[in-house]
Amino acid sequence: MKKIIYAAFIAVAVVASGCSSKKTVTKLDDGARLIEKTRSEQMAEEKPEVRAVGQATANDAADARIYAENDARGEFVRKFQSVITTGIRRTQNEAIMSKADENETVRQNDASSERNLMNQTMANMNLSGVVIVNSDTYKQKNGQYHCYVCVEYRGTVANLANEMASSFSRALKKNDYGDNNISEEERAKIKIRSEEFRKSVIEELEKMGLR
């Protein structure tokens, strides 16, 4: 009899642990259902300046978590799109900007170059200070797993700005020079622009509340 009771207790414990991560569902007066946010989504909203949430679905729970983490990291990088764009614009050569004011074609080319620089800078970023702080995984009726992951940046503003500047420098070389050999003079110009970009990034990150 004791074995039966113990087995029943274990079964209840397993079911309880399996349901603990489910979203809370609240029934409204009109019969509709309000599905509250997952813990990962809530945590991302608690510190939006350093956190981001991603989600993904896969046949395997581990794969769903990996895809959700990648999505969260991508979302975190996208948070800084305006920061990167501002930095790029501030480092534009004054002579080129002046020429662009006189020529519509040049201005359009500059806009295209700016977009390429921004996209390449974002794609090059590899933030080592981003870690997972929470994940929620749900098994759907169709047998697939849906996972939410919240990531947080735990580095300093200086480290983040340095990573962005390095990514910008690599993008600048590729965007402006391609596979051509870069002269010492050109390297010096890239270094100056990258430093200007880094200073701009620090300023914008601090405006966002990062310290």
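This tour of a predicted model moves from its sheet to a helix packed on the sheet, then to the nonpolar core and a further helix.

Begin by selecting β3 (51-58), β5 (145-153) and β4 (130-139). These three strands make up an open, antiparallel sheet in the order β3-β5-β4. β3 and β4 are the edge strands, each pairing on one side only. On average, neighbouring strands are turned by 20 degrees against each other, direction ignored. To locate one bridge, select A58 together with its partner in β5, Y145.

**The core.** Now show the side chains of I84, L160, M164, F197 and L205, which touch the most other members of the largest nonpolar core, a set of 38 residues. Centre the view on I84: leaving aside neighbours within four places in sequence, I84 is in contact with M118, T121, M122, M125, M164 and F197.

**Along α8.** Finally, select α8, a helix of 24 residues. From first C-alpha to last, α8 reaches 35 Å, close to the 34 Å expected at 1.5 Å a residue. Its buried residues are I190, R193, S194, F197, S200, V201, E204 and L205. Just after α8, stop at G209, which takes a positive phi of about 105 degrees.

Technical notes. Residues are numbered from 1 along each chain as its sequence is written. This is a predicted model: local features need pLDDT of at least 70, side-chain atom pairs count only at pLDDT 80 or more; totals for chains, interfaces and linings use all residues. Side-chain values use heavy atoms; hydrogens and water are left out. A nonpolar core is a set of buried Ala, Val, Leu, Ile, Met, Phe, Trp, Tyr and Cys residues joined through side-chain atoms within 4.5 Å. Buried means under 20% relative accessible area, exposed over 50%, partly exposed in between (1.4 Å probe, protein chains only). Helices (H or I, at least four residues) and strands (E, at least two) are DSSP runs, numbered from the N terminus. Contact means heavy atoms within 4.5 Å. The expected span of a helix is 1.5 Å times one less than its number of residues. Two strands pair if DSSP finds at least two bridges between them. Axes are lines fitted to C-alpha atoms, for helices over the stretch in contact, and angles run from 0 to 180 degrees between N-to-C directions.
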